[in-house]
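Shall we look at what stands behind a few of the labels used for this protein?

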Amino acid sequence: MSPQSRRRSPAGGGAPPNALFRELLHAARELLAVRSPLDAELMVSELLGTWWPQRHHTAGGAGVEQVVGEGLVEYAAGQSSPAALALLSGVACLGTPRQAIAAEQAAIRMIDSGVRAPAWADHLGAVTPAECYVNSDEWGDQDEIICVFSYAGEEPHALVSLVDYNTEGMIRDGWVTSRVDKLLEHCRQAAEGKPADAFKQIDPPHARRVLRAALDATDAAEDPPVSESFASYHAFIRARIRALPPAAGRGQRGRRPWSRERRALIAAEFLASDEAEDLSDRQAASRVVDRIIDYGCDQDSGRPLRMSPVKVQNFMLSWLPRRVMLCAADQDAMPHVLAAWVRWAGHKRGLTEGAIGQTLDTVFDSMSTFSRIYRDPAEFGLDEKLVARLLPDSDLEALPRRAFAFPVLEGKHGGVDLSKLDPANPADRRLLLAADHDTRTGSPSAAGVGRHIDRHLAIADRLWRGAPPALWDAAQRLLDGGEDRHLVLHALMDVLDAAGDDEAALEAALRELATGLSDDDLNGLGDR
């Protein structure tokens with residue numbers, strides 16, 4: 001398949017669907033010239049990767065995988081040609097479950113009608129997994145997961161997937177090589193003189209678990225930081241993960257989850273260590289180390305002891321300023337506690353002094369920037385007491401959306417002192433939202449008010465939790481377009497009502513929510 005065909009956007013140019021499908025099917029004629037099932041799979045994967053970057057886009061409520069992917073299968077099924085059969089055979093192996101089922105059924109009908117299948121079709125996807133390896137860098141920022149496969153012992157090849165734990169554990173790159181022995185020998189030589197786990201063999205079920213979670217993280221991201229060639233390998237990677245054996249029995253389970261008790265134990269162990277003995281404010285140190293552990297457990301695949309220059313920088317200059325409300329004492333203590341944690345965790349993991357030193361240099365280099373960019377809640381125009389009520393969990397990132405959901409937190413309504421109410425309490429929320437309506441329009445009539453407030457409660461609860469994130473994104477787009485806050489809330493509520501219990505439909509509708517509301521929308525919402 002030509003690079004031009006691969007790079008062309010399937011949604012671009014305003015081409016009618018059949019013109020697009022004809023072009024893709026024409027490119028699939030190259031499949032008839034190959035003899036290797038591996039080459040055929042890689043070519044089909046490249047074709048399926050054409051529209052992967054637009055996977056979150058929708059058209060009339062249908063995703064791109066349905067509009068383009070399933071549409072291509074339907075189009076190919078009606079062509080009854082060797083190229084169409086070759087394409088359908090590949091999609092049956094590498095497509096999404098819906099695409100694969102439709103492609104397999106169409107391919108069988110085509111074969112029954114007398115169309116000749118390519119020689120490689122019987123071997124497509126019939127791979128046997130062999131050994132798997134993990135090749136880690138010094139700090140554990142990235143793992144290369146190497147999985148070896150063959151077609152019943154023939155044509156061995158290795159899939160190499162790069163998992164980056166500083167980007168939420170995503171697969172950022174992947175490639176395939178048939179020079180398996182040379183690859184493994186290179187990895188062994190590069191690991192000489194390094195810790196024993198720098199390059200090691202792992203069980204295939206473990207590799208499947210890691211890769212499946214990493215691919216899910218990549219697929220879920222709107223714009224993941226993947227390599228330019230990743231889309232071409234995406235379908236191949238997905239199919240090879242399915243070919244790995246799943247875990248069987250209790251002994252194959254993944255990492256033990258970090259419970260609150262387990263986190264508290266490791267915090268106590270650190271605070272009692274030699275590395276922490278010079279921390280003067282023990283109470284602040286205890287609160288700060290909890291943040292460090294939470295970040296490692298929740299943002300770094302359950303690995304609080306893993307510290308690296310990149311992870312330290314992400315923690316201090318991105319996650320903390322965006323997510324956590326720290327008191328003044330904790331802000332002062334943070335760099336010192338973090339430096340002590342880097343030393344302690346590095347010694348426990350057996351890192352070299354050089355590796356620990358480089359991570360400490362990043363801590364010290366980031367201290368002045370951290371002090372400068374850490375967000376002051378006062379920037380939002382709210383006093384400290386109001387911020388504390390909106391952030392009982394200290395989730396600083398939640399402050400704007402919670403202030404949007406509950407703009408009235410003081411004064412009196414129906415004889416109730418609003419400053420005594422807790423917006424985290426469902427019962428108090430109803431009174432706060434009723435007061436918001438009272439403030440806007442005067443006392444509402446009793447008829448229909450209960451249902452009306454119920455709808456506001458549902459949206460306020462989601463805004464409080466940030467579920468789904470697309471909800472607040474949509475609200476900000478409408479607000480940035482100059483829309484009135486209450487009308488924005490009603491637009492969001494209409495989307496929520498229409499989606500019902502279908503979370504996927506809700507997220508899709510929120511992504512497509514216009515940046516401005518029409519006159520009809522404004523007229524209709526104003527009466528609610």
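**Labels and the values behind them**

Q: Where does arginine 306 lie?
A: Arginine 306 is in the loop between helix 11 (282-299) and helix 12. Bear in mind that this is a predicted model.

Q: Why is arginine 306 called buried?
A: Its relative accessibility is 2%, and buried means under 20%, so arginine 306 counts as buried.

Q: What makes the pairing of the side chains of arginine 306 and aspartate 300 a polar contact?
A: The contact between these side chains is 2.8 Å, and the cut-off for a pair of N or O atoms is within 3.5 Å.

Q: Why is tryptophan 319 called buried?
A: The relative accessible area of tryptophan 319 is 9%; the limit for buried is under 20%, so the label buried applies to tryptophan 319. This residue lies in helix 12 (residues 309-323).

Q: Which residues is tryptophan 319 in contact with, leaving aside its neighbours within four places in sequence?
A: They are Arg291, Tyr295, Gln299, Asn314 and Val324. Take glutamine 299: it is 20 residues from tryptophan 319 in sequence, and their C-alpha atoms are 9.5 Å apart in space.

Q: How do you know that strand 5 and strand 6 pair?
A: Pairing needs at least two bridges, and seven bridges join strand 5 (residues 154-164) to strand 6, with the two running antiparallel.

Q: Why is glutamate 168 called exposed?
A: Exposed means over 50%, and the relative accessible area of glutamate 168 is 57%, so it is exposed. Glutamate 168 sits in the loop between strand 5 and strand 6, and the hairpin there has five residues between the strands.

Q: What makes the phi of glutamate 168 worth a remark?
A: Most residues other than glycine have a negative phi. Glutamate 168, not a glycine, has a positive phi near 60 degrees. Glutamate 155 also has a positive phi, of about 50 degrees, and its place is in strand 5.

Q: Why does glutamate 155 count as partly exposed?
A: Its relative accessibility is 28%, while buried is under 20% and exposed is over 50%, so glutamate 155 counts as partly exposed.

Notes. Residues numbered from 1 in each chain as written. Predicted model: local features only at pLDDT ≥ 70, side-chain atom pairs only at ≥ 80, totals over all residues. Heavy atoms only, no water. Helix = DSSP H or I, 4+ residues; strand = E, 2+ residues; numbered from the N terminus. Buried < 20%, exposed > 50% of the residue type's maximum accessible area, 1.4 Å probe, protein only. Contact = heavy atoms within 4.5 Å. Polar contact = N/O pair within 3.5 Å; in protein donor to acceptor, adjacent residues only side chain to side chain.
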